[in-house]
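Thanks for asking me to look over this model.

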Amino acid sequence: MKRAQDNPELAETLRRRRFLGVAAGATAAGLLGTGTAAAAQTGGATAASAQHGRGGPLVPRGHLGIQLYTLRDQVQSIGFAGVFEELARYGYDQVEFAGYTQGTGDITLKQLKRLMRDNGLRGIGSHVGYYSDDPKAYTFATNLTQVLDDAEALGLPHVGTASGPWRYGSTVDGWKRCAEEFNTYGAAAKARGMKFYQHNHAEEFSFATDRPDVRLYDVLLAETDPELVHLEMDIYWAYVAQYRFGRKADGSPAPFEPLTYVLRAPHRYPLFHVKDGEHDETVPDGYRMVDVGDGDIDYRRFLSAVGKTHGGRRDHHWMVEHDQPADSLTTARRSARYLRSLRCGGRG
């Protein structure tokens, strides 16, 4: 069996991630009985202000993971074995891959699977490139069978891409073409007992160049089969997209609430990326990325709402991530500690 090599297109996509912010819309505020959008933005989701409730944990046991891109420096320096040992000590249950070597050299999928098992971790998903001009590249478009073979060998229940549906441009028809391809990948994954998913950045919530009244993310949702194509909402990027794309090109308001998308179709969102942002309108995107619990995203509110949906505590998985951590192990430890501290019935 061939090993999946780190994907340059994926790495470049992740590096291009821009920093966006948090705001809350009236729709989900009404659903949740919360205050105004401004109140949701500053809803006290910091480690200092979050209070422990008397109920059970908001993140159920077995459902806390981390995107290994966060720890890429440590994977390269101490290897997967050392990183997995640390993650187990911090209380993580799952890992999501961003390449199966990450600069470590010669490691097989069988070895990776054994390392996860030895440390009580489960591989929950993997980010793979969408397409490439190189027919030999490790992407869904060019090597679908190998991508699925590798995910199956690792026992991953999900396999997806962090690449947006930009292959044919930013028009409605271009995104419809991508949606057709995503449906194909989803059907192939489903035939193997896995779920195909797409991970958003901010720009997915921008507007079509040929239809400035149409949000591209809505095209993706409408044109993909909900039984074949799933979503991994990166909560940080979705909220910061609201900061950037809350108005149309003509300046007219176009508010949206990321949480509302999830509440409308919770079964489509098996995975979430959990990262935090500190409000700062002196930067172009309005927020600066920080460790989970240090910023202004109200994670107690978000987790509570998703947990109340049908199968909410069984069917959703929460992946910590930070694109540029100052100390990746510290970020992993502090973020896990904060999320584990959130209890049902506590105050945010």
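1. Glutamate 321 sits in the loop between β10 (317–320) and α12 (328–341), and lysine 275 in the loop between β7 (271–274) and β8, so the pair ties together parts that are 46 residues apart in sequence. Helices (H or I, at least four residues) and strands (E, at least two) are DSSP runs, numbered from the N terminus.

2. Before going on, a word on the basis: this is a predicted model, in which local features need pLDDT of at least 70 and side-chain atom pairs count only at pLDDT 80 or more, while totals for chains, interfaces and linings use all residues. Residues are numbered from 1 along each chain as its sequence is written, and side-chain values use heavy atoms, with hydrogens and water left out.

3. Buried means under 20% relative accessible area, exposed over 50%, and partly exposed in between (1.4 Å probe, protein chains only). Salt bridges with shared partners also connect Asp234, Lys275, Glu321 and Asp323 in one network.

4. How many salt bridges does the whole structure hold? The search finds 16. One of them pairs the side chains of glutamate 181 and arginine 167, at 3.1 Å from N to O. Glutamate 181 belongs to helix α7 (residues 172–191) and arginine 167 to the loop between β4 (158–161) and α7, so this contact ties together parts that are 14 residues apart in sequence. Glutamate 181 is buried, at 17% relative accessible area, whereas arginine 167 is partly exposed, at 30%.

5. Another salt bridge brings together the side chains of arginine 244 and aspartate 285, at 3.9 Å from N to O. This pair links distant parts of the chain, 41 residues apart: arginine 244 is in helix α9 (residues 235–244), and aspartate 285 is in the loop between β8 (276–279) and β9 (287–290). Arginine 244 is partly exposed at 32% relative accessibility, and aspartate 285 is buried at 8%.

6. On cysteines, the whole structure has zero disulfides, taking a disulfide as a pair of cysteine sulfur atoms within 2.5 Å. Cysteine 178 is buried, with 0% relative accessible area, while cysteine 344 is partly exposed at 28%.

7. For helix packing, look at α4 (residues 72–90) and α5 (residues 109–118), whose axes are 9 Å apart and meet at an angle of about 20°. Axes are lines fitted to C-alpha atoms, for helices over the stretch in contact, and angles run from 0 to 180 degrees between N-to-C directions. That makes α4 roughly parallel to α5; angles under 35 degrees count as roughly parallel, over 145 as roughly antiparallel, 65 to 115 as roughly perpendicular and the rest as oblique. Phe80, Ala81 and Phe84 in α4 meet Leu112, Leu115 and Met116 in α5, where contact means heavy atoms within 4.5 Å.

8. Finally, a backbone detail: glutamine 102 is a residue other than glycine with a positive phi, near 50°. Most residues other than glycine have a negative phi. Glutamine 102 lies in the loop between β2 (94–97) and α5, and is buried at 4% relative accessible area.

Technical notes. A salt bridge is a side-chain nitrogen of Lys or Arg within 4 Å of a carboxyl oxygen of Asp or Glu.
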